Every structure is written in structure tokens, then in C-alpha cells.
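We will go stop by stop: select, look, move on.

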Amino acid sequence: MSSQAEMVPAGGRSAFAGGWRRLLRDRPLIPLTGLLVLLVVGLEVASPGTIKPAWVGSTIRAAVPLALLGASQTLAMLTGGIDLSVGTVASMAAFIMATQTGQLGPVPALLLAFLAAALAGLVNGIGVGIFKVHPLIMTLGLGLVILGLMNVYQLVVVTNGTNIPPIIDWLGSGTTLPFLPNNLFLFVPIALLIIAGLRYSGFGRLLFAVGDNPVAARLSGVRAWQVLVGLYILSALLAAVAGILIAGIVKTASLALVDQSVLPAVAAAVIGGTSIMGGRGGYSGTIIGALILTVLTSLLIALQMPEAVRQILFGAIIVAVAAVYTRIVDVS
Amino acid sequence: MESRATDGPNLPARLRHWAQRNSWTLALLGLFGLILLITYIIQPSYGASELRALAIGAMPLAMAAVAQAIVVISGGIDLSIGSMMALTSVTAAALMKNQPEASVAIVIGVLVLGVVLGVINGTLVVITHVPDIVVTLAMSFVWAGAALVVLHTPGGASADWLTGIVSGSIGSDWIPRALVTLLVIVGVIWIPLRRSSAGLALYGIGSNRLAAFRSGVPVGRTKVFAYMLGGLFSAFGGLALTATTGIGSPVPGAYTLLGVAAIVLGGVSLAGGRGGIAGPIVAVFVLALVRTDLTLLGANSNLSTVVQGTILIGVVMFGSLLTMRRAHG
């Protein structure tokens with residue numbers, strides 16, 4: 001980065017433009033936060049009186065599961081992969097938890113849900129890491145397998161009914177003190193762990209290394225398959241947390257619970273500046289990306305856009321943000 | 001891509017060469033035949049009308065797979081194919097319900113719409129430099145939203161002649177008309193294209209972008225061309241949906257991702273530059289027939305999803321194992 005910075009031409013407007021561009025490139029969080037603030041201001045203009053503590057609380061509550069699913073995508077994308085099985089894994093975890101709580105009690109049910117998710121992640125990791133199956137295909141195929149198995153499971157446990165344990169209900173939809181959603185108690189430690197882990201831990205750096213230059217990583221003695229197996233297990237566990245939180249919000253669980261959030265999760269990571277080609281990005285951007293997408297949805301609803309127009313604008317804005325981003329980062 | 005033995009005098013050698021180049025597709029055809037045999041064993045009454053139903057059911061996905069195959073061969077990927085199919089399908093259905101007499105013009109118009117959608121996708125990929133997967137993912141929202149604008153709930157109608165060209169059979173009872181229509185449409189467009197310089201350019205930018213650029217291939221324009229063909233075949237897929245169901249539905253089916261599955265099964269490399277169109281089409285029929293078999297066996301219909309996913313992963317693993325062995329030995 002520093003060597004690129006010295007190449008910025010001196011003098012007048014170009015230096016200003018270069019500095020501006022450098023700021024955007026080196027500190028992507030600043031423009032992203034600017035965009036977020038802009039959207040919030042736009043929402044307040046569009047529908048005055050919306051922005052109050054309760055709104056902040058409900059926005060954060062909705063953004064947290066998306067940010068967790070975005071974490072799966074961010075980590076996978078850093079290695080040059082993608083995890084499209086997060087939707088089914090998250091739904092599966094929530095569904096197992098909800099259907100087993102009545103039989104086994106909340107804690108064993110939760111453990112079972114996480115165990116199933118970890119198993120799914122392990123299979124993904126073995127496929128991608130050892131058998132070198134393309135991540136898109138591996139996670140997509142495993143998603144199909146899990147969906148089918150869960151449909152069979154659903155018939156088996158049809159008499160169980162779904163119960164959301166009180167603790168999950170509290171985490172998912174409760175608020176503490178005035179307005180802060182309780183899911184922050186879970187999310188803040190996870191987020192800090194991911195951000196710090198990516199920056200300071202060996203595993204975090206290996207993720208970047210494998211994604212940035214797999215050959216160089218292999219020649220430096222990195223066993224890429226171990227990194228990938230670890231990554232996909234972690235990704236599935238994060239998805240399971242997201243699914244269980246969503247179940248806590250909507251207070252029920254179904255096999256299609258999380259389907260709608262998979263592509264927005266990829267979008268959150270992309271908007272947040274993580275490159276789908278691997279080796280570049282970070283988690284703090286994804287969190288802002290998830291907030292941007294959540295606020296954007298509220299804004300479009302506040303403007304009374306019909307569902308159809310909302311979708312169109314949603315897509316157009318993702319392309320626009322990604323295009324601006326790529327332009328800034330690529331020109332060096 | 002490989003040099004053709006056009007001047008080779010002896011036919012057997014050329015035949016062998018052809019078989020070698022198409023070994024994956026031929027193996028898939030063999031697999032299809034095997035599964036067909038199993039189908040007869042399970043259900044001795046499985047006959048012409050069931051084959052027709054198979055061809056009709058497989059047609060939309062086959063078109064989606066062709067669209068995806070062309071884009072992937074050129075080194076991209078189009079995650080908006082399912083949405084483009086929904087948009088073209090509802091447009092056709094809605095217009096044909098209101099003006100049944102103009103159905104020929106409507107079909108042509110819908111195909112042009114597909115071309116325009118594809119050109120927009122491709123142009124965005126080329127001018128923004130954003131990875132294909134991100135652009136087309138975002139555009140899938142746009143096209144699905146547009147489909148909802150056209151028709152909020154499933155509805156519309158299909159012209160009689162359009163339904164006619166996918167139902168029934170031609171000549172013998174055993175030749176489903178849907179299959180013939182599919183092969184004619186794909187063949188008329190793809191075979192001349194593949195032999196042209198534009199077709200070669202598609203493979204060129206897919207296998208080595210820089211080398212293609214340095215050999216004078218207009219990379220950007222070829223990429224837009226690939227997405228345009230993807231849009232065109234998505235429109236054919238949308239029309240096939242309308243023709244086979246008689247209505248248009250604004251909710252995109254799983255055609256994008258199933259299409260990716262089919263092309264990988266069909267021997268197209270996701271890295272670009274390798275594979276063809278025949279393999280993916282055969283793969284679509286293999287997947288459809290496996291689902292039929294599971295239904296015939298009385299298996300829980302959900303298990304067919306499991307089997308599809310397992311086949312997908314298994315075949316790709318097998319393929320990559322073969323590649324690894326070749327690389328080592």
C-alpha cells in the first residue's frame with residue numbers, strides 16, 4: 001500500500017483526487033459508513049420521525065443474522081471460495097433445534113444443531129480442500145443434499161412440533177434496557193473475534209494467503225486443505241448461529257427459513273469490500289454492508305416502493321456500489 | 001479448440017479422434033442408456049408417452065443449461081439465468097393472453113428481449129470490471145423484480161401453436177416433439193457458431209484471456225456476445241416454460257443453480273474454455289430420468305433432491321480425481 005501511495009502524482013487537482021481515492025482505497029470503511037449515514041438521512045427525509053431508538057434497535061436486530069451469514073461468505077471469499085450452503089445449513093440448525101427442544105431439552109437440542117452444522121461444514125471442507133471440487137458446486141450440491149435429508153427428517157419428527165427455547169427467544173427478539181437488541185450479546189464477541197482473528201491469528205492470515213496466491217501458499221508449506229476444512233466448518237457454525245437467531249426473531253422454524261438471505265449475505269460481503277477472487281477484504285466492511293442492505297430495504301419500504309421495484313433497485317444499487325468500489329481499488 | 005483432423009484421410013482415425021474429444025458426452029449418453037434400462041426393469045410399462053413427458057419436463061432446464069454453458073465456456077458465469085427465464089416467460093404469457101393473434105410477433109419480441117437482457121448483463125460485466133458472479137447475482141434481483149412488475153401472480157396464456165411444438169411426437173411415437181424442437185433450436189444456433197471465428201473467440205477468451213487478447217480477439221465484445229447468447233437461450237427457456245406449463249410465473253425456478261449443476265455434470269469446466277453444449281443437454285436428461293426413477297421406486301420424493309446433490313458432488317469429485325491422477329502420473 002505504501003509504495004502505491006508514493007505513486008500518486010503531485011500537484012493541484014490530481015493530488016486531491018489521488019488523495020481522495022487513496023483514502024477510499026485504504027480506509028474503505030469511511031465511504032461505506034458515509035453511504036450508510038446517507039441512507040439513514042434519506043430514510044428520515046422520506047418518512048420523518050422514523051429514526052428513533054426503537055428503529056435503531058430493530059434495524060440492528062434484522063442486520064445481525066445477515067451479518068453472521070455475511071461472515072461465512074467473507075471468510076470463504078477470502079480463500080477465493082463461496083459458501084452457498086449457508087441458507088440450508090442455517091435453516092437446518094434452526095429446525096433441528098426447534099424440533100428437538102421438546103424431546104431433549106434446549107441445551108442438547110442446541111448441541112445437536114451445532115453438531116449437524118459442523119458435520120455439513122466438514123463435508124464441504126473435505127470436498128473443496130481435499131477433492132478440489134469447485135466451492136460453488138460443492139456447497140450448492142451439499143445444500144441440495146441437506147435440503148432433501150431435512151425434508152425426510154421433517155416427516156419423521158412431524159409429531160414433535162417446534163419449540164423455540166426461551167433463551168433463544170430472548171436472544172433473538174428481546175431487548176435490553178431501552179432499545180439494544182439482545183442478539184448483540186452474541187454478535188459483538190463473535191464479530192470482535194473474527195476481526196481480530198483475521199488480523200492477528202495464524203489461521204486468519206492463512207485464509208488470506210490461500211486466497212491471494214495458492215501456489216505461493218503451498219510452496220511456503222501451507223497445507224491448504226487443513227485451512228479449507230477449518231474454514232468451512234467455521235462457516236457452517238456461523239450460519240447455524242444466524243439460523244438460530246432468525247428462528248428466535250420469527251419464533252418458529254421451517255426448512256425455508258433462511259433461503260431468502262443467502263444472496264443478500266453475498267451482497268453484504270461484496271459491498272463491504274471483500275473480493276470474490278480471494279485474498280482481499282475484511283469483516284468490518286461486511287458488517288457495514290449488512291447494515292446498508294437492511295437500511296436500504298427499510299428506505300425502499302418507507303418510499304412505498306412495491307416489492308418488485310424494491311428488488312430492481314436493490315440489484316441496481318449492488319452493481320453500482322461494487323462498480324465504484326472496483327474502480328477505486330483497481331486504479332492504482 | 002483442438003486442431004481438427006480435417007485432412008486425415010482415414011475415417012476410423014477421425015472417428016476415434018472424435019470419440020476421444022467427446023468421451024465425456026459419450027460416457028454420459030451411456031449412463032443415460034443404463035438408467036433408461038433400469039427404468040424399464042423397474043417399470044416395464046415405461047414407454048413412449050413417459051418419454052414425451054420426460055422431454056417436455058427437461059426442456060426449460062436444458063435451455064438454461066445451454067445458456068449457462070456458453071457463458072461459462074467464455075470464462076464467466078451468469079447467476080441471473082433463472083430470473084431472465086421468469087421475466088421472458090411472464091412477458092410472453094401476459095402478452096399472448098391479451099393478443100393471441102400476434103403470438104408470432106410476441107415470440108420474436110421475447111427472444112429480442114432475451115438478447116437485450118443478455119447484452120445488458122455482459123456490458124455491465126465488461127465496463128464495471130466487477131466479477132461476473134457479483135454483477136449477475138445483483139442483476140438476478142433486477143430481472144426477478146421486473147418479472148413481478150409484468151405479472152404479479154402466475155397467469156397469462158400460451159398460444160396454441162407454441163404449446164403444439166413441445167407436445168406430442170414427430171414421425172414415430174418414440175420421438176418426442178419437445179426433444180426435436182430443443183435439438184433443432186440449439187443445433188441451428190450453436191453448430192454454425194462453434195465453427196465460426198466468433199465461436200472460437202468464445203473458447204479463446206475462456207481458456208486464456210490474455211493470449212486471446214494478444215491474438216487479436218476483441219475480448220470485451222466477445223464477452224458481451226457470450227452473455228447475449230446466454231440471454232437468448234434464457235429467453236428460449238422462458239418460452240419453453242410458458243409453452244410447457246401454459247402460463248408464466250414471476251417466481252424464478254431453481255434453473256440458475258440446477259443449470260450450473262448440469263453443465264458441470266456435462267463436462268464444462270467452470271474455469272472456462274473447455275466443454276461443449278451436447279454434454280450439458282445429456283446431463284439434464286440424466287438428472288430428469290434419475291428423478292423419474294426415484295418416483296417410480298416409490299422413494300420419498302425428497303430423496304431425489306439428495307440423490308441429485310450426491311450425483312453432482314460425486315461426478316465432480318470423480319472428475320477432479322481423474323485430473324489429479326493425470327497430473328501426478
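**Stop 1: the core.** Select A:V89, A:A93, A:A94, A:A117, A:A240 and B:V284. Of the 217 residues in the largest nonpolar core, these touch the most other members. A nonpolar core is a set of buried Ala, Val, Leu, Ile, Met, Phe, Trp, Tyr and Cys residues joined through C-beta atoms within 7 Å. Buried means that 20 or more other C-beta atoms lie within 10 Å of a residue's own; exposed means 12 or fewer, partly exposed is in between, and the C-beta atoms are placed from the backbone.

Before you go on, note what you are looking at. This is a predicted model, where local features need pLDDT of at least 70 and side-chain atom pairs count only at pLDDT 80 or more, while totals for chains, interfaces and linings use all residues. Residues are numbered from 1 along each chain as its sequence is written, and chains are lettered from A and ligands numbered from 1 in the order in which they are written.

Which residues does A:V89 touch, not counting residues up to four places away in sequence? Select A:A117, A:A120, A:I146, A:A236, A:A239 and A:A240. Two residues are in contact if their C-beta atoms, placed from the backbone, lie within 7 Å.

**Stop 2: chain B as a whole.** Color chain B by secondary structure. You will find 14 helices and zero strands. Helices (H or I, at least four residues) and strands (E, at least two) are DSSP runs, numbered from the N terminus. The C-alpha atoms of chain B fill a box of roughly 60 × 55 × 40 Å along the principal axes. Of its 329 residues, 50% count as buried. Take the contacts in chain B with a separation of 6 or more: 79% of them join residues 24 or more positions apart.

**Stop 3: a helix to follow.** Select residues 219–245 of chain B, which form helix α11. Its 27 residues should span 39 Å at 1.5 Å a residue, and its end C-alpha atoms are 39 Å apart, so the two agree. The expected span is 1.5 Å times one less than the number of residues. Is α11(B) mostly covered or mostly open? It is mostly covered, with 22 of its 27 residues buried. Step past its end to B:G246, where phi is positive, near 80°.

**Stop 4: where the chains meet.** Show both chains. Here 38 residues of chain B are in contact with 38 residues of chain A. On chain B, α5 (103–128), α6 (132–150), α12 (255–265) and α14 (301–328) each supply at least two residues of the touching side. The largest share, 14 residues, comes from α6(B). By class, this side has 27 nonpolar, eleven polar and no charged residues. Ala, Val, Leu, Ile, Met, Phe, Trp, Tyr, Cys and Pro count as nonpolar, Asp, Glu, Lys and Arg as charged, and the others, Gly among them, as polar.

**Stop 5: two loops in chain A.** Most residues other than glycine have a negative phi. Select A:K132, not a glycine, with a positive phi of about 55°. A:K132 sits in the loop between α6 (106–130) and α7 (135–156) of chain A. It is partly exposed, with 19 other C-beta atoms within 10 Å. Next, select A:Q304, also not a glycine, with a positive phi of about 55°. A:Q304 lies in the loop between α14 (283–302) and α15 (307–330) of chain A. It counts as exposed, with 10 C-beta neighbours inside 10 Å.
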